[in-house]
Protein chains: 2
Amino acid sequence: MRVTALAGGTGAAKFLRGLVSCVNPRDVTVIGNTADDAEIWGLHVSPDLDTVTYALTGHLDTGRGWGIAEDSFNALAAVAVLGGETWFRLGDRDLATHIYRTRALRAGLSLTDVTAAIGRGLGLRVRLLPMSDDPVRTRLETPDGWLDFQHYFVREGARPRVIGVEYAGAEKAAPAPGVLDAIRTADVVIVCPSNPITSIGPILSVPGVREALHETNATVLAISPIVGGAPVSGPAGALMRACGLPVTAAGVARAYAPWLDLLVIDRRDIEETLAVREVGAEPVLGETILIDHDREVALARRVLEVAA
Amino acid sequence: MRVTALAGGTGAAKFLRGLVSCVNPRDVTVIGNTADDAEIWGLHVSPDLDTVTYALTGHLDTGRGWGIAEDSFNALAAVAVLGGETWFRLGDRDLATHIYRTRALRAGLSLTDVTAAIGRGLGLRVRLLPMSDDPVRTRLETPDGWLDFQHYFVREGARPRVIGVEYAGAEKAAPAPGVLDAIRTADVVIVCPSNPITSIGPILSVPGVREALHETNATVLAISPIVGGAPVSGPAGALMRACGLPVTAAGVARAYAPWLDLLVIDRRDIEETLAVREVGAEPVLGETILIDHDREVALARRVLEVAA
């Protein structure tokens with residue numbers, strides 16, 4: 001069974017860890033969000049791609065949900081002494097990934113190629129594709145003006161009120177090689193439990209992706225990142241609200257409505273089933289709070305079972 | 001007493017550590033070699049400037065003679081996993097300096113400004129100037145072709161036979177702001193015990209520097225890095241030979257002859273005094289093997305005493 005997953009960072013990483021315990025990783029393509037990529041210290045950082053790579057190769061710091069386990073922060077401390085920016089915390093081992101990526105991109109490699117090379121180096125067995133080799137950047141409008149995603153999310157701790165969202169560069173971006181094919185030729189397309197606005201939204205904004213989701217013969221299934229009227233983690237709630245979506249499983253279904261077949265919602269959201277169905281997706285109950293690896297595997301198994 | 005020193009890396013760092021114990025660091029200008037600067041991992045590394053900065057701020061790993069004491073090498077290990085180049089060993093704290101420098105240079109700052117900013121951040125009290133803000137690069141001709149300095153020195157361990165030396169870019173380079181003035185207005189100009197070919201030679205190759213050394217009213221004094229017919233450290237011997245200079249104190253005097261007043265030679269080279277004098281410099285005996293800080297201070301005191 002060929003599985004293609006649309007993925008953000010932390011939430012996606014947990015689900016994907018379960019998924020690769022249930023299917024052959026060789027049959028899995030992950031399309032990763034790159035709209036929260038940022039230039040930090042002059043280096044190209046791809047937080048979502050790295051979180052997926054680190055998670056699926058056993059390198060992720062699972063406590064923090066980002067970066068490399070047991071990393072040191074000696075370069076960061078030294079940058080602080082020099083008066084450089086330290087709001088984005090890059091660990092020393094993590095830094096190597098960004099140095100490697102930046103150098104390869106400057107040498108003319110595509111983000112697709114660099115992502116594959118990093119995956120090979122770290123032992124990644126799924127195929128991880130960036131959504132696009134072109135720059136697409138999520139920007140958030142606040143009462144004080146526009147913010148880049150990482151400025152909003154990390155530097156400002158997701159505190160500013162968001163009144164608008166844009167995916168800058170999306171109109172001119174091309175899907176990365178393999179992205180549309182992976183959606184069209186999959187048996188199952190899974191939208192991971194990621195932020196619909198800042199993780200999945202940018203992938204959908206890449207020209208051709210929505211059309212491919214419409215056209216594919218695959219079962220298209222999403223896992224709601226909203227449980228009990230609140231996001232499992234991160235700022236999805238405020239951002240969905242800013243985009244006029246209710247912060248509910250039905251709100252998630254609405255974000256994906258035109259092409260979504262199934263929405264896995266948490267058992268405690270059983271009263272949402274009707275609202276989800278009204279938006280046009282078939283609700284499926286599951287345990288979506290992934291507090292340990294057993295839950296990750298159980299959710300993946302449930303997803304594959306209902307998709308089959 | 002205003003002192004201007006021409007400096008390479010390790011040997012210069014030891015002498016300068018002694019010097020700043022004897023004079024007010026505010027009265028010292030160090031003109032640093034930048035011809036062994038290199039791009040490593042896409043970052044601008046200035047080994048000699050950093051060695052001087054680290055040495056005079058107590059950060060230098062004195063055992064290795066380069067890098068930061070008690071640094072970790074976690075980024076390097078992670079770059080190795082990705083298959084990146086690891087022949088140039090950058091520590092994690094050291095890396096911060098190069099990241100900071102590269103970013104500032106890309107933002108349009110000059111190497112002079114960046115060097116000053118790094119010095120301020122680390123607490124450097126002397127004025128450290130790069131010899132030029134323009135790229136000058138020492139290249140070494142070997143029987144197998146030309147090598148960049150760091151490829152020759154670090155990657156190849158200074159093993160290839162050298163048959164020629166060039167300072168690429170020197171003709172078009174301008175001395176960095178303050179360099180010529182620091183030579184012209186000093187009371188003493190000290191050529192540190194550095195490699196005459198790859199540390200001091202590039203500084204002399206910058207248009208205007210030799211003329212300033214000719215014109216200055218300062219006493220111009222050098223400390224021989226050659227003791228007992230061999231360099232105290234590094235590949236100075238092979239390189240002097242490649243440039244047709246005898247590997248002796250007199251050979252050092254010859255490299256600096258037209259403008260050198262005094263050459264401090266080691267006591268064990270007493271039989272060199274005549275040969276040095278024949279080249280046109282007045283030899284001065286001293287203890288030039290700097291095995292501890294007391295020796296560093298003693299040599300600096302001796303230098304200042306004879307120069308006065």
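**View 1. Helix H11 of chain B and its burial.** In this predicted model, helix H11 (residues 249–256) of chain B is mostly covered, with seven of its eight residues buried; a residue counts as buried if 20 or more other C-beta atoms lie within 10 Å of its own, as exposed if 12 or fewer do, and as partly exposed in between, with C-beta atoms placed from the backbone. Helices (H or I, at least four residues) and strands (E, at least two) are DSSP runs, numbered from the N terminus. The buried residues of H11(B) are B:Ala249, B:Ala250, B:Gly251, B:Val252, B:Ala253, B:Arg254 and B:Tyr256. Residues are numbered from 1 along each chain as its sequence is written, while chains are lettered from A and ligands numbered from 1 in the order in which they are written. Local features need pLDDT of at least 70 and side-chain atom pairs count only at pLDDT 80 or more, whereas totals for chains, interfaces and linings use all residues.

**View 2. The open sheet of chain B.** Seven strands, in the order E5-E2-E1-E9-E10-E13-E14, form an open sheet in chain B with parallel pairing, where two strands pair if DSSP finds at least two bridges between them. Strand E5 (127–130) and strand E14 (282–286) of chain B stand at the edges, each with a single partner strand, so one side of each has no neighbour in the sheet. From one strand to the next, the twist averages 25°; axes are lines fitted to C-alpha atoms, for helices over the stretch in contact, and angles run from 0 to 180 degrees between N-to-C directions. Strand E13 (residues 262–266) of chain B runs parallel to E14(B) and is joined to it by five bridges, and B:Asp266 has B:Gly286 as its bridge partner in E14(B). H11(B) packs on this sheet, touching strand E9 (188–191), strand E10 (219–223) and E13 of chain B, and its direction makes about 160° with that of E13(B).

**View 3. The side of chain A that touches chain B.** Here 24 residues of chain A are in contact with 24 residues of chain B, contact meaning that the C-beta atoms of two residues, placed from the backbone, lie within 7 Å. Helix H3 (74–81), helix H4 (92–106) and helix H5 (111–122) of chain A each give two or more residues to this side, and the largest share, nine residues, comes from H4(A).

**View 4. The relation between the two copies.** The same surface serves both copies, since 100% of the contact residues of chain A recur in chain B.

**View 5. The surroundings of A:Val45.** A:Val45 is found in strand E4 (residues 43–45) of chain A and counts as buried, with 21 C-beta neighbours inside 10 Å. Leaving aside its neighbours within four places in sequence, A:Val45 is in contact with A:Asp37, A:Ala38, A:Ile40 and A:His98. The C-alpha atom of A:Val45 is separated by 21 Å from that of A:Val179, 134 residues apart along the chain.
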